[in-house]
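Visitor: Could you show me how to read a metal site and some ring contacts in a model like this?
Guide: Gladly; let us look together.

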Amino acid sequence: MNILGIETSCDETSAAVVAGGVVCSNVVQGQVECHAEYGGVVPELASRAHIRHISAVVSAALHQSNRTAQQLDGIAVTVGPGLIGGLLVGLTVAKGMALALAKPLIGIHHMEGHLMSPFLRTQDEPIPDCDFPFVALLVSGGHTLLLHAERFGLYHLLGQTRDDAAGEAFDKGARMLGLAYPGGPAIAALAQGGDPQAVRFPRAWLERDRFDFSFSGLKTALRTHLLTHPLAAEESQVHRDVAASYQEALVEVLVVKALAACRAVGCQRLLVAGGVGANQRLRTVLAQRAGQIQVWVPPLSLCTDNGAMIALAGWHRLLLGQRSDWSLNVRPRWPVAELYA
Ligand code: KG4
Ligand code: ZN
């Protein structure tokens, strides 16, 4: 079955065609240049950029997959959670196509899409060695959560951020350090050659038996540190040390909580997805501390928001006999606990 997946919940306009787990095309149009001067995603600008790009992105996804629209067997679209304007752009296009082509339409939860990322592969790659159950650490600019995925459609929320998302903490920290948006890659680059132990930034462990996160104290600690220790020169050793120490505090909390969550639910597999999953230090520390736990980090193009993961979730749901009707609407807030297979 050829499924078109459309993703517009945040700041990536993406469409993909997936057949089984094979990615036939995956077109992603980012918006960094729209949001860079504001240091974070501006919802209204994001909606407008989705409107500008969506037609070309869907056409390119079909073209690159060597499929025509008539050859599609279904259309999957992210309906939440996310920014309402962007979600409406994706849903409107998906509904219009499904109606015009007389194809099944299925609305997908964005996080269920992320959970599909390790199962995707290219035509030449072998079937990935992954299966349910697993714990997922989903870390991006918009979300930070730990889920226990028992099987397709059965997900338990283990913890989530009480304030900033991990990517947001990178982005805001980067601004304070005088770095460009997006802040994660900028901090990671500056941190190379820095001493991660130079400044002891706080780690918010919260309750030991819960897996919630909080990054606002860390952000404040960086602000206070910079007031008392102004940076002499950009890209100086001190600058590198502060970036490395800030990154270390973020990474350590993510790693310790994710591995503790795996042990708490008795699960030996951990998926890391979302833009922050690209962080090399996160990958290194996870590898050092994982022990028996098998860690999957999909390639960057599948870690960040993309249409392929939405298409694969759609395929699974269509196989279960589900489809959405024309009353399908967006759900900007959609608790993962309300999902079912
Ligand atoms: O998943 P994503 O591309 O988009 C959404 O937020 O939905 O994630 C973007 C976030 C940004 O906050 C960015 O700073 C962060 O991921 N990020 C990183 C790295 N690359 C991207 N954070 C840390 N290290 C990186 N290498
Ligand atoms: Zn996402």
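Guide: Donors are N, O and S atoms within 2.8 Å of the metal (3.2 Å for Na, K and Ca), and water is not among the atoms, so sites may look incomplete. This model is predicted: local features need pLDDT of at least 70, side-chain atom pairs count only at pLDDT 80 or more, and totals for chains, interfaces and linings use all residues. Residues are numbered from 1 along each chain as written, chains are lettered from A and ligands numbered from 1 in written order, and side-chain values use heavy atoms, without hydrogens and water.

Visitor: Which residues are the protein donors of the zinc ion (ligand 2)?
Guide: H110 (NE2), H114 (NE2), H143 (NE2) and D305 (OD), at 2.1 to 2.5 Å from the zinc ion. Their spacing along the chain is H-x3-H-x28-H-x161-D.

Visitor: Where do H110 and H114 lie?
Guide: Helices are DSSP runs of H or I, at least four residues, and strands are runs of E, at least two, numbered from the N terminus. Both histidines sit in helix α4 (residues 110–116), 4 residues apart, about one turn. H110 and H114 are buried, meaning under 20% relative accessible area with a 1.4 Å probe, protein chains only (exposed is over 50%, partly exposed in between).

Visitor: How many aromatic pairs are there in the whole structure?
Guide: Rings of Phe, Tyr and Trp (its six-membered ring) pair if their centres lie within 6.5 Å; planes under 30 degrees apart are stacked, over 60 edge-to-face, the rest tilted. The search finds 6 pairs. F119 and F134 form a tilted one, 6.2 Å centre to centre with 45° between planes.
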